[in-house]
Amino acid sequence: MISTDFWNPILLSFKVNVTASLIAFAAATAFAWWLKDRSFPGKTILETLLMLPLVLPPTVVGFGLLVLLGRNGPVGRFVEWLLHQPVIFTWWAAVVAAAVVAFPLMYQTFKAGFESVDRDLEDAARAMGAGEGQVFRHVTLPLSWRFLLTGTVLGFARGIGEFGATLMVAGNIPGETQTVPTAIYIAVETGRMDLAASWVMAVVFLSFLLLGIVQRMK
């Protein structure tokens with residue numbers, strides 16, 4: 001029988017990444033839809049900022065989140081005032097880290113999907129009296145669902161593998177903030193190679209499965 005030492009990080013990683021994927025999905029959808037046909041000064045700078053977590057070292061992303069979410073940071077101070085508890089070193093910090101690194105992949109894929117939709121179809125819906133929300137729900141979304149699914153799967157896979165930023169803002173508290181990547185690191189450091197190998201195989205299998213889904217969507 002597999003011990004709880006094996007399952008706890010996996011279940012926590014799943015919980016963290018499902019929550020992070022929902023947050024990143026909502027944010028990426030909103031930005032991709034809002035920016036797809038707009039042209040304004042600073043758009044390139046804004047899109048570069050949105051994509052930045054994709055190329056920055058995870059420790060740099062983690063440091064930025066630490067500054068924002070820490071007890072002296074603007075977001076961390078507000079959340080602590082609101083909820084009477086800090087964000088740092090909770091599973092919510094791991095959620096934020098996973099959402100931040102997953103967002104660029106989702107955003108870029110969603111944007112490509114929205115831009116692939118024939119604008120004549122959207123304009124025809126508008127000409128028939130549909131509002132922007134109706135055009136989005138009934139025309140854009142149904143015609144770009146493959147891109148949305150692909151982006152979501154890629155973002156989820158990226159979040160599963162997040163290590164550096166998560167370790168900096170959430171720590172490695174067993175049963176509370178210890179995700180699979182941090183658990184593998186600690187297992188190797190403490191000589192528990194069999195346990196580390198089991199987690200590695202689980203992650204490889206899941207990543208293979210997710211990438212297989214993406215390949216089938218092409």
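Q: Before we get to residues, what makes something buried, exposed or partly exposed here?
A: Buried means under 20% relative accessible area, exposed means over 50%, and partly exposed is in between. Keep in mind that this is a predicted model.

Q: So why is Phe31 called partly exposed?
A: Phe31 has 29% relative accessibility.

Q: Phe31 has a ring partner, Phe103; what makes their pair edge-to-face?
A: Two numbers do it. The ring centres have to lie within 6.5 Å, and planes over 60 degrees apart count as edge-to-face. Phe31 and Phe103 are 6.0 Å apart centre to centre, with 85° between the planes. The pair also ties together parts that are 72 residues apart in sequence, because Phe31 lies in helix α1 (residues 4–35) and Phe103 in helix α5 (residues 91–116).

Q: Is Phe103 buried or exposed?
A: Buried: its relative accessible area is 10%, and the label needs under 20%.

Q: How do you know which kind of pair Trp33 and Phe114 form?
A: Their ring centres are 6.2 Å apart and their planes are at 90°, so the pair is edge-to-face. Trp33 lies in α1 and Phe114 in α5, so this pair ties together parts that are 81 residues apart in sequence. Phe114 is buried, with a relative accessible area of 1%.

Q: How many aromatic pairs turn up in the whole structure?
A: A search of it finds 13. There is also an aromatic cluster formed by Phe6, Trp7 and Trp199.

Q: What makes you say that the charged end of Lys15 sits over the ring of Trp91?
A: The charged end is 4.1 Å from the centre of the Trp91 ring, and the distance cut-off is 6 Å. The label has an angle condition too, within 35 degrees of the ring normal; the charged end of Lys15 does count as sitting over the ring.

Q: Back to α5: how does its length compare with what is expected?
A: α5 has 26 residues and reaches 37 Å from its first C-alpha to its last, close to the expected 38 Å.

Q: Where does α5 bend?
A: At Ala102, by about 35°. A proline, Pro104, follows within four residues.

Q: Zooming out, what is the secondary structure of the chain?
A: It comes to 11 helices and zero strands. Of its 218 residues, 40% count as buried, and the C-alpha trace spans about 65 × 45 × 30 Å along its principal axes.

Q: Which residues does UniProt list for "domain: ABC transmembrane type-1"?
A: Residues 10–212, in an unreviewed entry. Over that stretch the chain is 77% helix and 0% strand, and the end C-alpha atoms are 20 Å apart.

Conventions:
Residues are numbered from 1 along each chain as its sequence is written. This is a predicted model: local features need pLDDT of at least 70, side-chain atom pairs count only at pLDDT 80 or more; totals for chains, interfaces and linings use all residues. Side-chain values use heavy atoms; hydrogens and water are left out. Rings of Phe, Tyr and Trp (its six-membered ring) pair if their centres lie within 6.5 Å; planes under 30 degrees apart count as stacked, over 60 as edge-to-face and the rest as tilted. Helices (H or I, at least four residues) and strands (E, at least two) are DSSP runs, numbered from the N terminus. Buried means under 20% relative accessible area, exposed over 50%, partly exposed in between (1.4 Å probe, protein chains only). The expected span of a helix is 1.5 Å times one less than its number of residues. The bend at a residue is the angle between axes fitted to the seven residues ending there and the seven starting there. UniProt positions are given in the numbering used here, feature names are shortened, and annotations may be inferred rather than shown by experiment.
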